[in-house]
Amino acid sequence: MKILFYGNCQTEAAMNALAARNPKIKCEYAGNSRRVIKYNPERTTELMEWCDHIVTQPVMNLENPDHHDVLRARFAGRITFMPYLWLDGLYSLCGAPGARVLKGTSGAKGHSGVIGEEIVIAHIKSNGLAQTVADFRSGALDFGHRKRFDDSLAELERREESADIKVAAQIRNGYRDRVVMLTHNHPHPLIVNDIAQQIADRLNLSFKPILPDEYLRYSTITLPEFGKVLSPYTISDLGLKIPYDLQWLKIGRGFIADIASSMGISGGRKRVEG
């Protein structure tokens, strides 16, 4: 069987998991936007003709030619949709290098590349940088963890209505007891394993979870873990049973400095760390 995995890095991780357990199948990955690797529309077109089955993520934009209804009709019977995971609120702040917009570029807004920056920006504008850092330390800076998480999980559930693979229920039932996301959009390997298991079941392929003691294979399903803030306040707000990050204060101060700099506040890092 020849399978094309078409999407973002989550799709590539699922491919790595499935291929590791099924050495006789042939898999190729293609990115579906300029923001991910191996984005090449001509190559993708060729691979769509080459493959026996496509695994992709539902695109919700009606104007996009890859809208899930279009692809499902075009490749009826040989396409599987897995969800695109974006879960906000599990971390107060989270690094997202791909979201950074540099000043001086087209459409620039001075974004810091930090998920959750709008909360910090509003607080700095109202209270100043020094007070924002103090409020971050004390927990008085409200990151709205519960609303952010509930809203993004509800959106995931809505999008899963257009997907064949489902993980939202597993996340809802287990997020308090274990880490489910490495960042806002990089799922933990246990979620990648579950996605791969469901794909295998649909395609009548074998699968068993890839475990941490399979060092090299496990690394291929572990997506990059950018900095994030998992503080005692995050744990309390969401009722998590996992330990907070011992470096939460240092990481958070660094993010606040980056956000301040993106706002044009000179010497932001020195003023935060001084």
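This is a predicted model: local features need pLDDT of at least 70, side-chain atom pairs count only at pLDDT 80 or more; totals for chains, interfaces and linings use all residues.
Contact here means heavy atoms within 4.5 Å. Helices (H or I, at least four residues) and strands (E, at least two) are DSSP runs, numbered from the N terminus. Residues are numbered from 1 along each chain as its sequence is written, and side-chain values use heavy atoms, with hydrogens and water left out.

Q: What covers the buried residues of helix 6?
A: The cover includes strand 6 (114–115), helix 4 (117–127), helix 7 (168–174) and helix 10 (232–238).

Q: Which residues of helix 6 are called buried?
A: Buried means under 20% relative accessible area (exposed is over 50%, partly exposed in between; 1.4 Å probe, protein chains only). In helix 6, H145, R148, F149, S152, L153, L156 and E160 are buried.

Q: Why do the buried residues of helix 6 line one face?
A: Seen down the helix axis, they fall within an arc of 120°, so they sit along one face. The arc is taken from the directions from the axis to the C-beta atoms.

Q: What span is expected for helix 6?
A: The rule is 1.5 Å times one less than the number of residues. With 16 residues (145–160), 22 Å is expected, and the helix reaches 22 Å from its first C-alpha to its last.

Q: How many bridges join strand 1 (2–7) and strand 3 (53–56)?
A: Four, so by the at-least-two rule they pair; the sense is parallel.
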